[in-house]
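The questions below concern cavities, domains and salt bridges in one protein. Please consult the sequence and the structure while reading.

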Amino acid sequence: MPEDRFPYLFAFSSRQRHPLESGRSIDFGGPPADVVLDDVPAGRLLFRLKREGGEWFLEPLPTDGAVTVDHLPVQQPVPLTHLALIQARRHVFVFVKRDDPRVSTTFAANRWLISQLRGPAPDLRQSLTLTDTAWQSARQPEHPDASPEFPGAFELPVGQVLIGRDAGRTDLCLPDIRVSRVHAWISRTGNVATIGDLKSANGTFVDGQRIRGPTLIRDGSEIQIGPYNLVFTGTALCPLSHKREVQLAARDLTCRVPDHEHRGRSKLILDGVSLVVRPRELVCVLGPSGCGKSTLLSALSARRPADEGSVMLNGEDLYAHFEALKQNLAVVPQQETLHDMLRLDAALRYTARLRLPSDTSGTEIESCVSAMLEAVRLSEHRATRIRRLSGGQRKRAGWANEAICNPSLIFVDEVTSGLDELSDREMMELSRKMADDGKTVVLVTHRVGYVEQTCHLVAVLAAGGVLAFVGPPAEALAYFGVSRLGEVYRCLQSRRPAEWKQRFRESIQYQRYVEQRLPAQAAPKTLPSSRARKSRSQEFRAAARQLPLLVRRYLAILLADKGMLAMMLGQSLLIAWLLIWVFGDISRPDVEAEAKRVADIAAPGVAWSELLPESQAEFRQEASQAATAALTAKILFLLAISCLWFGCNNAAKEIVKERTIFRQERDVGLNVVSYYGSKLIVLGAASILQSTLLYAGVRLFTQLGGDGWSQYALLSLVSLTGVAIGLAISALADSEDVAVTMVPVSLIPQIVLAGILAPLAGATRGLAQLVISAYWGYQGLVRTLASSVQDRLRDAGNMDLGAEWDSARVGSVLVAHILVFAIVSLVTLRLRDNKENRR
């Protein structure tokens with residue numbers, strides 16, 4: 001845990017803490033002062049802090065700038081009280097005597113300062129910067145004397161101001177990759193203003209709600225753009241933090257699930273847990289299996305919000321404002337969420353393009369990928385396929401994938417599970433490094449080998465989701481009376497969970513690491529019944545942007561799997577060879593025996609040798625035409641079933657096997673329609689390629705008759721229909737095994753009810769026309785044959801449609817089937833997504 005030394009003076013302009021040590025005074029001013037202020041000439045001092053009689057005093061020094069304490073000018077030494085506000089020239093400080101949630105982080109301190117300065121107060125002329133260069137790139141007001149009222153504020157002139165990350169095109173530059181180049185506009189009139197979003201990728205939020213059009217803002221309104229929070233003060237925008245620090249504060253989180261042993265009852269799996277994690281802290285959640293560690297992580301990250309309690313990020317309700325705040329947090333799940341056929345850098349590149357604004361350049365993407373690979377120490381493996389990485393390397397790759405947008409708050413769920421000792425240490429050291437770099441990290445683990453060396457705090461859960469301890473690892477050893485953290489699990493069995501809960505509530509650690517850290521409880525808010533949905537136009541823009549990217553990614557995955565490609569092409573060639581071998585050239589069938597049989601029926605009692613040659617030729621022709629028609633029908637049926645099987649078999653596992661990846665990407669904005677569309681397009685193209693090879697070979701070597709282009713178009717549609725059926729199976733199935741089992745179950749009715757194995761009539765005919773795609777595929781194919789052949793098939797009961805059903809009308813029915821199965825898949829994906837997010 002980063003050590004807080006009290007008292008200290010916090011400088012808002014530099015965002016630095018200056019610890020105050022007893023026994024010495026501290027001068028503030030120009031060089032060679034103890035604390036050098038950049039706008040003070042050398043040799044000049046503004047004020048001195050000194051300790052006398054157990055108190056700290058501020059002594060103003062002869063300067064050309066007034067010094068005030070709590071808005072009052074001082075001419076002689078004055079004692080400093082807790083949270084005394086000091087102003088010297090354009091610099092603002094606060095005196096912090098003890099730990100206080102109101103000023104525990106830069107974000108909280110800025111929010112507190114704004115609340116102190118609102119209302120009648122002297123005009124402050126400081127320049128608290130969002131970054132060292134960000135606000136310098138903003139265009140200043142025309143009149144330099146009209147300084148902003150609040151530190152770091154950007155004064156809004158009357159008229160329109162553009163906001164974005166491109167300093168050359170905007171008036172107010174917010175230099176973060178999650179901000180679009182030109183993100184939003186704001187126009188002020190008097191003490192009110194209107195703000196609008198400029199079709200940004202991540203949206204613009206006012207008081208936690210995504211705006212859908214021009215929105216009126218008033219004094220005190222809070223604007224969220226990317227990771228930035230700006231407060232509108234009536235005439236200016238004041239930033240709350242430049243480091244995007246995040247403090248996580250959870251209060252009384254409670255989760256219940258149905259009790260299957262007692263019908264109608266529920267049981268607690270998380271029992272009133274409160275936890276505060278500050279910036280630059282790594283907190284490990286420990287506990288025995290089934291104690292609710294992952295449940296707590298899901299509640300803290302709002303992936304599965306708690307039934308009771310609240311989670312605050314920098315004072316904002318995460319559950320109520322999830323859409324606005326989710327951009328600044330990431331969850332690294334236990335399961336791997338990378339497509340292991342891709343190269344590591346390619347996978348990260350696709351993730352970055354999906355999650356970052358569409359106007360992010362290729363150079364920015366590469367910079368982002370390289371920086372993340374460097375952070376997780378995988379730069380030398382950037383060109384390696386993910387499946388060839390070691391277990392520890394794949395875990396670090398997963399971390400890089402989820403943190404690609406540089407979030408400030410990271411949740412890590414059991415990433416050390418199944419790793420060897422070296423990989424375990426590497427993951428824990430990586431977590432600590434991220435925390436030391438300024439991030440807030442919450443890590444769930446059951447392995448404690450390197451927790452003491454890396455973690456600032458440990459949170460120990462007992463059975464039933466009871467919080468048994470929060471504090472530094474060293475204090476945990478003393479609290480539980482053990483010599484190693486691993487012995488805590490055994491110690492937890494010595495008391496009932498309720499006893500551990502009560503004991504901790506009465507401990508000094510609870511006061512120090514929970515109660516004193518919790519911010520003041522805000523007034524309860526009415527939470528929305530579900531997470532905010534994007535507008536239709538926003539959904540359409542997201543779908544249009546993501547679809548080509550997802551198609552390219554999925555195509556790259558498919559092309560990378562050479563074995564699967566070979567198998568898919570091999571299936572087509574094998575089936576084509578079997579059909580050619582079995583049927584041969586159907587234009588010259590061996591019909592001698594059939595001709596004699598027909599002659600015996602037509603001229604009973606007359607021997608074949610007694611027939612005239614002309615009669616024999618007629619009987620041979622009749623038998624040949626009948627045989628060719630029958631063989632043609634069989635080949636077309638087998639082609640239709642094969643193409644349907646190609647599509648269904650290719651697609652049946654493609655959604656269910658990626659369910660973990662889908663859930664993870666949905667949480668960061670994946671569009672369901674784009675995701676499904678990418679599967680349909682790529683798998684459809686692959687299945688049509690298979691059908692092309694099959695049909696071309698069969699038609700060439702069997703001399704198959706009929707309109708070739710119409711047959712090819714119908715077989716392509718049948719393949720697409722098979723893909724749609726397979727994707728529906730994949731969306732509905734709970735596992736890959738179930739999906740594989742459902743493929744033959746779905747295809748058998750297609751074979752039986754296609755209309756060739758047995759005549760269809762009544763209910764069976766109606767059912768076939770309603771839901772059997774193979775029926776329409778086969779019936780459409782035979783409609784492409786010569787009319788004389790169709791007449792023979794109709795007489796034989798192998799053709800069911802009337803003359804009005806041409807290939808175009810049959811194709812429209814197949815398109816309707818594709819749409820129906822697509823709707824089934826999309827609805828199923830939506831329902832599963834809603835179930836995951838249900839509160």
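This is a predicted model: local features need pLDDT of at least 70, side-chain atom pairs count only at pLDDT 80 or more; totals for chains, interfaces and linings use all residues.

Residues are numbered from 1 along each chain as its sequence is written, and side-chain values use heavy atoms, with hydrogens and water left out.

Me: How many cavities of 30 Å³ or more does a search of the whole structure find?
Reply: On a 1 Å grid over the protein atoms alone, a cavity is a set of points where a 1.4 Å probe fits but cannot get out. Grid points are joined across faces, edges and corners, and a volume is the space filled by probe spheres set on the points. With a limit of 30 Å³ or more, the search of the whole structure finds ten.

Me: Between which domains does the largest cavity lie?
Reply: The largest cavity holds about 180 Å³ of space. Domain bounds come from an automatic or database domain assignment. Residues of both domains line this cavity, so it lies between domain 2 (154–239) and domain 3 (248–337 + 407–517).

Me: Which elements give two or more residues to the lining of the largest cavity?
Reply: Helices (H or I, at least four residues) and strands (E, at least two) are DSSP runs, numbered from the N terminus. The elements that give two or more residues to this lining are β21 (228–232) and α3 (322–325).

Me: Which helix gives the most to the lining of the second largest cavity?
Reply: About 100 Å³ of space lies in the second largest cavity. Of its 13 lining residues, the closest to the centre are Gln335, Glu336, Thr337, Arg394 and Gly398. The greatest contribution, four residues, comes from helix α6 (residues 391–402).

Me: With which residue does Arg394 form a salt bridge?
Reply: A salt bridge is a side-chain nitrogen of Lys or Arg within 4 Å of a carboxyl oxygen of Asp or Glu. Arg394 meets its partner at 3.9 Å, N to O. The two residues are 54 apart, with Arg394 in helix α6 and the partner in the loop between β28 (329–332) and α4 (344–355). That partner is Asp340.

Me: Is Glu222 buried or exposed?
Reply: Glu222 forms a salt bridge with Arg111, the closest N and O atoms being 2.8 Å apart. Glu222 lies in strand β20 (residues 222–225) and Arg111 in helix α1 (residues 106–117), so the pair ties together parts 111 residues apart in sequence. Accessibility is classed with a 1.4 Å probe on protein chains only (buried under 20% relative accessible area, exposed over 50%, partly exposed in between). At a relative accessible area of 5%, Glu222 is buried.

Me: How many residues apart in sequence are the parts that Asp734 and Arg832 tie together?
Reply: The side chains of Asp734 and Arg832 meet in a salt bridge at 2.9 Å, N to O. Asp734 is exposed at 60% relative accessibility, whereas Arg832 is partly exposed at 25%. Asp734 lies in the loop between α19 (708–732) and α20 (736–752), and Arg832 in helix α24 (residues 807–837), so the separation in sequence is 98 residues.

Terms used. On a 1 Å grid over the protein atoms alone, a cavity is a set of points where a 1.4 Å probe fits but cannot get out, and a pocket is an open set with protein on both sides within 12 Å along at least five of seven lines; lining residues have an atom within 4 Å of a point.
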